[in-house]
Amino acid sequence: MMKEEFEGGGGAESNWLEARPATASPSSGIVARPLTEPTYQSCNVATVPETEDSLCAPKRWVFPTYVVGKNPYLASSGRDKKAPVGAMKLEFLDEKISATAILLEREAPRTCGLILQSLPFEGELVHGIWSGPETYLPIDPAILGPAEHQATSLVPGDIGYFSLEGGRLVDWPESFAEVLFAYGRGARPSMPTGPVAVNVFGRITGNLDEFARMCVRMKREGAKRFRIERG
């Protein structure tokens, strides 16, 4: 998990990633609305009022209710029409090794939408210390999403999202977010204080064996340059 520093590799704090957050443009295809409004508006949390009965909060996205077959989070306006909306490519850049993954759009529609609108991610993939067979990619800490489809134990191939707002835990003043990958049995996402629940939003479906071998190598070789993009 975040803030871990793996022996022989780069620390997670050494390289924050550049992500492209959603803009307020109606053409973005990603929409959000306050719960008190009957219509959609573009993703701009500054315009969403805070009320006691609302889920709206600073630095938080508020999404409309998911309807099967009509998922506004996954609108693909302006994106590559050849790439299926529900797919990602995961690549070790220096080794030229890649894997493919699907998004669990029905189980975690809000997380899928949040991740898709922020892709691509590029930075250092780091091996976890407290989580077992798991690697993680730190992403922009401003990418904070809702809890959904959560688990504390993962199976090989699971892809998770985890974020924490700064100040919620003792000795963790800064916000952080990450995309994580379980590559073996027994993965339990954890911080120094113990296991945490993560949003399981995707699954590696292509070339998992080679992806896992690269993750095992990271125990000896340290962090690897890594990229996530729509695939």
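This is a predicted model: local features need pLDDT of at least 70, side-chain atom pairs count only at pLDDT 80 or more; totals for chains, interfaces and linings use all residues.
An α-helix has 3.6 residues a turn, so residues three or four places apart point the same way.

Now display the whole of α2, residues 208-221. The helix has 14 residues and reaches 19 Å from its first C-alpha to its last, close to the 20 Å expected at 1.5 Å a residue. Just after α2, select glycine 222, which takes a positive phi of about 90°.

Proceed to the largest nonpolar core, which has 34 residues. Select Met88, Leu90, Phe181, Phe201 and Ile228, the members with the most contacts inside this core. Helix α2 supplies the largest share of the core, five residues. Apart from this core lies another, of 15 residues; Val126, Trp172, Leu180 and Val196 are among them.

Return to isoleucine 228 and show its surroundings. Beyond residues up to four places away in sequence, isoleucine 228 touches Met88, Lys89, Leu90, Leu119, Pro120, Phe121, Leu137, Val179 and Phe181.

Finally, select glutamate 107, in the loop between β4 (97-103) and α1 (109-118). Glutamate 107 counts as partly exposed because its relative accessibility is 41%, between the limits of 20% and 50%. Leaving aside neighbours within four places in sequence, glutamate 107 is in contact with Glu148 and His149. Glycine 202 is 95 residues from glutamate 107 in sequence, with 9.4 Å between their C-alpha atoms.

Note on methods
Residues are numbered from 1 along each chain as its sequence is written. Side-chain values use heavy atoms; hydrogens and water are left out. Helices (H or I, at least four residues) and strands (E, at least two) are DSSP runs, numbered from the N terminus. Buried means under 20% relative accessible area, exposed over 50%, partly exposed in between (1.4 Å probe, protein chains only). Contact means heavy atoms within 4.5 Å. The expected span of a helix is 1.5 Å times one less than its number of residues. A nonpolar core is a set of buried Ala, Val, Leu, Ile, Met, Phe, Trp, Tyr and Cys residues joined through side-chain atoms within 4.5 Å.
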